[in-house]
Every structure is written in structure tokens, then in C-alpha cells.
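I opened this notebook to keep a record of what I looked up in the structure, entry by entry. The order follows my own reading.

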Amino acid sequence: SSDVCSSDLSSPQRASLDLLENHEYVLEEEWGNVPTNGVINPKSRWKETWDLGVLTFILYSSIVVPFRICFSAEAEGNMWFFEVGISFFFLADVLFNFNTAYSVDDKWVINHSRIIGRYLSGWFWIDMPASLPIEIMTMNQNGDDGGLHLGLLRFLRMFRLLRLLRL
């Protein structure tokens with residue numbers, strides 16, 4: 001139960017308060033003292049450093065993706081490998097997001113099914129298309145047969161720009 005009158009809350013907020021059981025969350029000050037079943041603390045030093053890397057690659061993509069789409073300028077040589085690496089970095093970030101705690105009323109939710117459900121009902125649908133290694137998927141696409149397919153794959157790059165909204 002809660003100190004807040006349940007009629008003052010929206011249905012999802014009320015549901016999260018009513019259904020969150022003791023084993024499904026930890027308080028900030030308890031984080032290192034109770035088992036979290038491998039759930040990532042979003043405030044940990046390494047996670048914040050990782051998120052800075054994500055930010056850097058999103059900002060890089062915000063400049064490069066429009067250029068590549070507008071001028072049909074595909075990455076070549078070392079830049080191709082670099083951009084494939086960025087895609088795999090984003091894929092790893094998707095996996096981390098499936099296992100990163102989130103905050104509800106000053107409590108960190110550590111229940112895996114709740115974390116997965118929340119991610120699938122939100123940012124996953126932007127993060128996953130943004131993470132696809134388009135560079136690899138378009139490697140052998142040339143000629144008229146794959147033109148529409150190639151255009152659709154290039155369009156998926158625009159999802160990387162949508163990740164800017166999360167910042």
C-alpha cells in the first residue's frame with residue numbers, strides 16, 4: 001500500500017504501486033547489500049560510461065546518417081568497419097536495456113519480467129531498428145532488383161536519429 005491516495009494516480013501508476021512486491025525492487029541505498037539477480041544499476045559508473053558512449057555514437061549518427069542518405073554515400077574502408085562496430089555497439093545496448101533497472105517512486109525495479117515488459121512497451125521499437133547492421137545487410141545490394149529493398153534498409157538508419165529523443 002501507499003501513502004498516496006490511489007484516486008490521484010493514473011491507472012498505470014496505480015498498477016505499478018499496487019503490484020510492486022518487495023522482492024521486485026530495491027532502494028538506492030540498499031543496492032549493494034541485496035541480491036539483484038544481475039540486473040544493471042543505471043547509476044553505476046560503468047553504465048554511465050557506457051551511456052556516454054551511446055550518446056557519442058548517437059550524435060555521430062545524427063550527422064552522418066542524413067549525409068549518407070541524402071548523398072547515397074556509403075561508408076567505405078575503415079569507416080565501414082567503424083560504422084558496423086557502432087551497429088553492434090547499439091545491439092549490445094539493446095541487450096543491456098533488457099537487463100537495466102528502472103525507477104518507480106524512488107525504488108529501483110529489479111524484476112526481469114517487469115524490466116523486459118517495460119522496454120518492449122517503449123523504446124525497444126526504436127532501439128532495435130536503429131541497431132540493425134544496415135551496412136552488412138546492404139553489402140551485396142546493387143542493381144535494379146534490390147533498389148526498393150535497399151531504400152527501405154537505408155530508411156531504417158533514420159531510427160538512429162529518433163534515439164536523440166531519449167537524451
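Before the first entry I set down the terms of burial: buried means under 20% relative accessible area, exposed means over 50%, and partly exposed lies in between, with a 1.4 Å probe and protein chains only. I also noted that this is a predicted model, in which local features need pLDDT of at least 70 and side-chain atom pairs count only at pLDDT 80 or more, while totals for chains, interfaces and linings use all residues. Residues are numbered from 1 along each chain as its sequence is written, and side-chain values use heavy atoms, with hydrogens and water left out.

**Entry 1: confidence**

I looked up pLDDT, the predictor's confidence in each residue on a scale from 0 to 100, and found an average of 82 for the protein chain, with 80% of the residues scoring at least 70. Residues 13-18 have a pLDDT below 50, and this stretch has 7 contacts in the model beyond near neighbours in sequence, a contact being heavy atoms within 4.5 Å. Residues 1-11 also stay under 50, and there the model has 6 contacts beyond four places in sequence.

**Entry 2: overall layout**

I took helices (H or I, at least four residues) and strands (E, at least two) as DSSP runs, numbered from the N terminus. On that basis the protein chain has 8 helices and 3 strands, which follow the pattern α-β-α-α-β-β-α-α-α-α-α along the sequence. Of the 167 residues, 37% are buried. Among the contacts with a separation of 6 or more, 71% are between residues 24 or more positions apart. The accessible surface, from the Shrake-Rupley method with a 1.4 Å probe and, for residues, only the protein chains shown as cover, comes to about 10300 Å², and 60% of it belongs to carbon and sulfur atoms.

**Entry 3: helix 3**

The buried residues of helix 3 include Glu-83, Phe-89, Phe-90, Asp-93 and Asn-97. As for their partners, the buried residues of this helix pack against helix 2, helix 4, helix 5, helix 6 and helix 8.

**Entry 4: salt bridges**

I searched the whole structure for salt bridges (a side-chain nitrogen of Lys or Arg within 4 Å of a carboxyl oxygen of Asp or Glu) and found 5. Which residues are linked in a network of salt bridges? Asp-93, Asp-127 and Arg-163 are. Arg-163 forms a salt bridge with Asp-93, the closest N and O atoms being 2.7 Å apart; Arg-163 lies in the segment after helix 8 and Asp-93 in helix 3, so the pair ties together parts that are 70 residues apart in sequence. The side chain of Arg-163 also meets that of Asp-127 at 3.2 Å, N to O, and this pair links the segment after helix 8 to helix 5, 36 residues apart. I checked the burial of each: Arg-163 is buried at 2% relative accessibility, Asp-93 is buried at 2%, and Asp-127 is buried at 0%.

A separate look at Glu-24 and Arg-114 showed a salt bridge between their side chains at 3.1 Å, N to O. Glu-24 sits in the loop between helix 1 and strand 1 and Arg-114 in helix 4, 90 residues apart. Glu-24 counts as buried at 8% relative accessibility, whereas Arg-114 counts as partly exposed at 22%.

**Entry 5: loops**

I noted two residues that have a positive phi although neither is a glycine: Ser-72, at about 45°, and Asp-105, at about 50°. Ser-72 is placed in the loop between helix 2 and helix 3 and is partly exposed, with a relative accessible area of 45%. Asp-105 is in the loop between strand 2 and strand 3 and is partly exposed at 47%.

Glu-74 is also in the loop between helix 2 and helix 3, and with a relative accessible area of 28% Glu-74 is partly exposed. Beyond its neighbours within four places in sequence, Glu-74 is in contact with Arg-68, Thr-138, Arg-154 and Arg-157.
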